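Please keep the structure below in view while reading.

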Amino acid sequence: MNDLTLYGHRPSVYTRVTRLVLAEKGLAYDYREVNPFDPDAKDEQRTPHPFARVPLLEHGSFKIYETVAISCYLDAAFPTPSLTPDAPRALARMAQVISIVDAYGYWPLVRQVFSQGVFRPADGLETDKTEFAAGLAAAEAVLDALETVALEGYVLTGDTPTLADCHLAPMIAAFAAAPKGRAALARRPALSKWWSKWSTRSSMHQTDTGFDVTHPQP
Ligand SMILES: N[C@@H](CCC(=O)N[C@@H](CS)C(=O)NCC(=O)O)C(=O)O
């Protein structure tokens, strides 16, 4: 046993990033379900994260939070297969994709388009159409930037997995669960090509949160 424990929340895209890295590396782990969105969560339901987020990983007594730190740690501590390219340009693009996702992508793709267009309606809650439209509009620049990276071909190839794929895929899966999100993705050929390959991976099947729209069989 690897002595790894992941604290996460099933629908959480950031939890899925860590679960994807663990799956790609074939690592077994204990999973504890917590709810960062419930301010009244008690005891085991409360996330141990100091900023009340998920995920948080424990490796024995060593605790790590911030998804990119968890990914880098897992890739260094369990080096095979490596999810970090050696080539300087590929390494730069991998870090760039992760930063684009965190700084500009998560909010519009997930918190505005997915939450308002898919998650809330599935829960019988009202959609804030203004937020949804704002998310779709803001997603355009994010998808354009990712399309440029995918077209260049250092990362997001769909053939050689890196931490960039693991970081981006949960956000795209959530965004594409909304039909208008799917249509926006389809307007980017290189990103769509990456997605059609990446979404068939076994790690994606293993980590489906129940909202994935397409899982073409491998
Ligand atoms: N910077 C954090 C972000 C993690 C994050 O925002 N996680 C979401 C779930 S996908 C969360 O816990 N949200 C709780 C909240 O916003 O209150 C990381 O990289 O791990």
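An oxygen atom of the ligand is 3.5 Å from an N or O atom in the side chain of Arg-111, at the limit of a polar contact, which is a pair of N or O atoms within 3.5 Å. This is a predicted model, in which local features need pLDDT of at least 70, side-chain atom pairs count only at pLDDT 80 or more, and totals for chains, interfaces and linings use all residues. Residues are numbered from 1 along each chain as its sequence is written, and side-chain values use heavy atoms, with hydrogens and water left out.

**Ligand contacts**
- The side chain of Thr-67 places an N or O atom 2.7 Å from a ligand oxygen, and a polar side-chain atom of Arg-53 lies 3.0 Å from an oxygen atom of the ligand.
- The protein buries 85% of the 520 Å² that the ligand exposes when taken alone (Shrake-Rupley method, 1.4 Å probe).

**Ligand surroundings**
- Residues near the ligand, meaning those with a heavy atom within 4 Å of it, include Ser-12, Tyr-14, Phe-37, Glu-66 and Tyr-106.
- The shell divides into seven nonpolar, two polar and three charged residues, where Ala, Val, Leu, Ile, Met, Phe, Trp, Tyr, Cys and Pro count as nonpolar, Asp, Glu, Lys and Arg as charged, and the others, Gly among them, as polar.

**Aromatic pairs**
- The structure holds eight aromatic pairs, defined by ring centres of Phe, Tyr and Trp (its six-membered ring) within 6.5 Å, with planes under 30 degrees apart counted as stacked, over 60 as edge-to-face and the rest as tilted.
- Phe-51 and Tyr-65 form an edge-to-face pair, because their ring centres are 6.2 Å apart and their planes stand at 65°.

Key
Polar contact = N/O pair within 3.5 Å; in protein donor to acceptor, adjacent residues only side chain to side chain.
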